[in-house]
Amino acid sequence: MFEIQIPAETPVIGAVTFFQIKLGKFRLLRAWRVFLLVLGVLSLLVGVLCLLVSLDVLALAPVVMGILLLLLGAGLPRMAVRMADNMLKKDLKSCHPVCITFDGDGMRKTVHGIVTTVPYESFSHLLLCRGSYVVGLEGETTRYQSLPKDCFTQGDPEAFPDFFREKTGLNFVSI
């Protein structure tokens, strides 16, 4: 059995945002990147064709635009991860103390005396990043629960991935 006591004012929300970006949950980000790369290649091709045909200085404009679009498209994921890292550095904290217990039946989360039970079949993955485990809960939308290692009050945090794998059959991923 594992018990995690997450006191109020514990930074947890930023880590969840970081995982969403790292896992590619922002499909719009991926779509924008592909769009910028395709637009950059097309602009570059048009510029090169214009240069070959006319040898005019104005034909350099599509070439320059194409190069800029390619650079922007290639750098977009890196910018997103940097933004996520900055969010981790901000003081994004939980508002209420939370008690989470993993036992034989599943996860029990208690906030303000309200208990929510989640069976192990509902979990999609277990991740580790920056000293926190994060479990993914499948549903209409995937939700994430951050479990800071230093908040474990019962059970060894280093043994948690093995326990979780045994109960869910899911592999542990470190990012």
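Q: Why is Val-57 called exposed?
A: Exposed means over 50% relative accessible area, buried under 20%, and partly exposed in between, with a 1.4 Å probe and protein chains only. Val-57 has 64% relative accessibility, so Val-57 counts as exposed. Val-57 lies in the loop between α2 (27–54) and α3 (60–89); helices here are DSSP runs of H or I of at least four residues, strands are runs of E of at least two, and both are numbered from the N terminus.

Q: What do these values rest on?
A: This is a predicted model, in which local features need pLDDT of at least 70 and side-chain atom pairs count only at pLDDT 80 or more, while totals for chains, interfaces and linings use all residues. Residues are numbered from 1 along each chain as its sequence is written, and side-chain values use heavy atoms, with hydrogens and water left out.

Q: Why is His-112 called exposed?
A: His-112 is at 60% relative accessibility and therefore counts as exposed. The residue lies in the loop between β3 (106–111) and β4 (114–119), and its phi is near 50°, a positive value in a residue other than glycine.

Q: Why is strand β7 described as largely enclosed by the rest of the structure?
A: Five of the six residues of β7 (residues 143–148) are buried, so the strand is largely enclosed.

Q: How do you know that β6 and β7 pair?
A: Two strands pair if DSSP finds at least two bridges between them. Six bridges join β6 to β7, which run antiparallel. Gly-136 stands opposite Tyr-144 in β7.

Q: What makes a set of residues a nonpolar core?
A: The members are buried Ala, Val, Leu, Ile, Met, Phe, Trp, Tyr and Cys residues joined through side-chain atoms within 4.5 Å. The largest such core has 21 residues, and Phe-123 is among those that touch the most other members. Elements giving two or more residues to this core include β1 (2–6) and α4 (160–168).
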